[in-house]
Amino acid sequence: MKHGKYRFLAMAILPALALHVIFVLSPYAQAFYLSLTDWTGVAGQANFVGLDNFARLGEDPLFLSALGNNALMLIVVPLATIAIALFLASMLNLGGRRGRAEVQGVAGGKVYKIVYFFPQLLSVPIIAVLWQFVYSPNNGLLNGFLSAVGLDGLARTWLADGSVALWAVMAVMVWSAVGFYVVLFSAAMDSIPRELFEAARLDGAGRLATFRSITLPLVRDNVNAAFVYLGIAALDGFALVQILSVGPGGPDGATEVIGLGLYRNAFSFGQFGYASAMGVALFFLTLTLAVIAMRSGRRTKVEMA
Amino acid sequence: MAEVAYVNASRVYPGSPPVRAVDELKLDVADGEFLVLVGPSGSGKSTALRMLAGLEDVDEGAIEIGGKDVTNVPPKGRDIAMVFQSYALYPHMTVGENMGFALKLRGVSKPDIKAKVAEAAKMLDLEKYLDRKPKALSGGQRQRVAMGRAIVREPSVFLMDEPLSNLDAKLRVETRANIAALQRRLGTTTIYVTHDQVEAMTMGHRVAVLKDGLLQQCDTPRALYETPANAFVAAFIGSPGMNLKTVPLTAAGAQLDGLEVPLPRTTLDKVGADGLKEVTFGVRPESLGLVGAGEDGMELTVELVEELGADAYVYGSVRIADQPERFIVRVDGRTPPALGQTVRVGLRDHSEIHLFNPETGARIEG
């Protein structure tokens with residue numbers, strides 16, 4: 001029976017393992033190998049060039065500005081998204097109507113939750129096209145709104161102004177991600193026993209103190225997970241920038257991201273080896289981020305008593 | 001320290017028809033008193049407590065603490081501490097942090113918090129656990145932390161919502177005594193909710209019995225036991241419950257099978273004036289006893305004997321008007337009757353009976 005058991009287990013595992021190796025692991029290995037060559041993507045042969053590609057990365061101004069932009073996105077997008085999502089989720093679950101005794105969310109909370117989730121249902125290209133209309137300088141929704149309320153002075157050519165273009169892109173990323181995290185945090189807050197909030201109220205905690213001392217520590221696991229996902233999304237951002245920004249990546253590299261440079265080098269410039277080096281660099285950046293976030297998450301683990 | 005008053009306070013949940021979870025509750029609790037709210041599930045006892053805590057709206061009437069109307073005051077302004085059934089300890093804080101949280105919010109200095117927490121921990125034998133998280137504590141220890149969190153605040157009123165129901169039977173009895181002793185020591189007005197009438201009887205200075213949101217009776221445990229205001233209180237208080245039977249009246253008294261219980265003239269007059277042909281007759285198990293063949297009594301067929309050591313409870317049926325009626329009788333634990341045996345049961349004392357109006361359930365004073 002023992003032999004039969006292992007044979008059965010092998011039969012169950014091997015097909016999936018084979019698919020994983022062929023379609024997931026081997027492309028990684030291939031990319032790692034290509035990053036050490038000068039393959040053009042069309043030539044029949046690839047010459048081994050060692051770490052030359054990586055050395056070039058350090059001198060490529062466009063890559064360095066992409067790295068800077070991604071770094072800024074890595075800080076702004078997760079923080080803004082999580083802050084807004086936490087605020088909305090706690091309003092939906094605990095914001096309560098003033099003057100009512102029970103701990104409860106704002107009226108119509110369920111409707112809001114669904115509405116906030118809408119952007120999640122749109123694919124990235126549609127979001128990008130939609131926001132192109134919003135940011136359009138002459139007849140866009142944003143400038144139109146600003147002039148309607150008499151703030152013409154704030155109107156900009158949002159995507160063509162180097163000083164605000166990246167912020168405009170990040171705003172779209174936050175807008176499209178917030179809904180999902182509102183739902184995620186709502187579910188987490190929902191699972192906190194109501195009595196804890198009641199006990200906090202009896203202990204004299206106001207809304208802010210309750211949020212800081214009770215709600216936030218008890219959804220910390222979810223916040224950590226959100227940081228990992230949003231961090232990965234912020235290091236990518238390729239699809240949105242490719243469609244939304246002028247250039248793309250412009251003006252003058254203002255919205256350049258690593259993924260965009262990778263795509264351009266591989267498919268426009270025929271430098272697959274160099275593009276692979278970018279991919280490998282991005283891989284290690286993402287991995288480091290994930291490890292750091294997971295590590296810091298493990299320490300603060302809270303178990304419900 | 002403060003007295004508490006419910007002034008015709010009601011909690012009405014909207015619906016059709018609206019549910020009156022607590023219906024015009026009128027109750028005064030003296031300063032330093034230990035009052036127990038008791039009733040079956042759905043009687044509104046927890047709702048009444050939560051109204052006092054400010055966790056539930058008061059739709060009609062008012063609630064006063066220390067003579068001040070707090071009906072529209074939020075929980076933090078009421079100076080109350082509550083022990084929840086689930087304890088509601090903050091899982092991410094240590095025992096010490098849990099107990100000191102309210103003081104921290106009040107801006108008390110760190111050394112003062114530490115001293116207060118240490119004092120309460122000593123009182124509750126929790127000193128060793130101050131740095132642990134609630135998860136690492138046993139049920140009894142968690143219960144004590146919840147008590148400690150309430151004590152540290154030095155509130156004017158303690159509220160306790162079934163704080164013992166998650167403990168095992170032995171610990172419950174032990175903790176019951178500890179809470180009562182602690183309350184006596186601190187002298188803080190305490191309102192305690194339970195569905196367990198034994199807890200109610202043993203702990204409270206006074207006990208308020210609720211049913212369907214309505215206050216049935218509020219009195220000392222002794223008085224509740226001896227003069228229940230209606231048939232519900234009579235059946236609810238006491239374990240095992242009182243034998244309550246609706247029996248026909250005769251010229252001289254109440255008629256139970258072969259046993260005719262003579263009633264005083266005044267009682268009979270009163271019943272007659274109300275035009276009642278029947279009366280709900282109640283007698284506690286310990287007021288019945290086994291009697292000899294010649295004495296007044298009724299024939300009881302034994303169906304179950306619960307032996308508790310010192311006493312035994314005999315469950316059996318008596319035929320009244322050709323219907324088998326269940327009776328419970330307390331007998332000496334050393335000589336319980338056997339199953340299936342027929343024994344003769346009589347009243348120990350003719351004054352230890354209770355009469356209720358069979359329609360309204362109200363007590364008929366004798």
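Biologist: Which residues of α2(B) are buried?

Modeller: V95(B), G96(B), N98(B), M99(B), G100(B), F101(B), A102(B) and L103(B) are the buried residues of α2(B). With eight of its eleven residues buried, α2(B) is mostly covered. Keep in mind that this is a predicted model, where local features need pLDDT of at least 70, side-chain atom pairs need 80 or more, and totals for chains, interfaces and linings use all residues. Residues are numbered from 1 along each chain as written, while chains are lettered from A and ligands numbered from 1 in the order written.

Biologist: What covers the buried residues of α2(B)?

Modeller: The cover includes α3 (110-123) and α4 (139-152) of chain B. Helices (H or I, at least four residues) and strands (E, at least two) are DSSP runs, numbered from the N terminus. Following α2(B) comes G107(B), with a positive phi near 85°.

Biologist: Which elements give two or more residues to the side of chain B that touches chain A?

Modeller: Start with the whole interface: 24 residues of chain B are in contact with 21 residues of chain A (contact is C-beta atoms, placed from the backbone, within 7 Å). On the side of chain B, β6 (80-83) and α2 (95-105) are the elements that each give two or more residues.

Biologist: β6 is a strand, then. In what order do the strands of its sheet stand?

Modeller: Strands of a sheet pair through backbone hydrogen bonds, either parallel or antiparallel. Here, six strands of chain B make an open sheet in the order β6-β7-β8-β3-β9-β10, with mixed pairing (a pair needs at least two DSSP bridges). β6 and β10 (214-219) of chain B have a single partner strand each, so they stand at the edges with one side lacking a neighbour in the sheet. On average, neighbouring strands of this sheet are turned by 15° against each other, direction ignored.

Biologist: How many bridges join β7 of chain B to β8 of chain B?

Modeller: Five, between β7 (residues 157-161) and β8 (residues 189-194) of chain B, and these two strands run parallel. To find the pairing on screen, look for V157(B), which has T189(B) of β8(B) opposite.

Biologist: Now chain A. How many helices and strands are there in chain A?

Modeller: There are 13 helices and zero strands in chain A. The C-alpha trace of chain A spans about 75 × 75 × 30 Å along its principal axes. Chain A has 305 residues, and 35% of them count as buried.

Biologist: How do I read two helices that pack?

Modeller: Two packed helices are described by the angle between their axes and the distance between the axes. Take α3 (residues 61-94) and α12 (residues 258-268) of chain A: they pack at about 150°, with axes 8 Å apart. Axes are lines fitted to C-alpha atoms over the stretch in contact, and angles run from 0 to 180 degrees between N-to-C directions. α3(A) and α12(A) are therefore roughly antiparallel (angles over 145 degrees). In this contact, α3(A) brings L62(A), F63(A), A66(A), L67(A) and N70(A), while α12(A) brings I258(A), L260(A) and G261(A).

Biologist: And V111(A): buried or exposed?

Modeller: Exposed, because V111(A) has 10 C-beta neighbours inside 10 Å. You'll find V111(A) in helix α4 (residues 109-121) of chain A.

Technical notes: Buried ≥ 20, exposed ≤ 12 C-beta atoms within 10 Å, placed from the backbone. Contact = placed C-beta atoms within 7 Å. Parallel < 35°, antiparallel > 145°, perpendicular 65-115°, else oblique.
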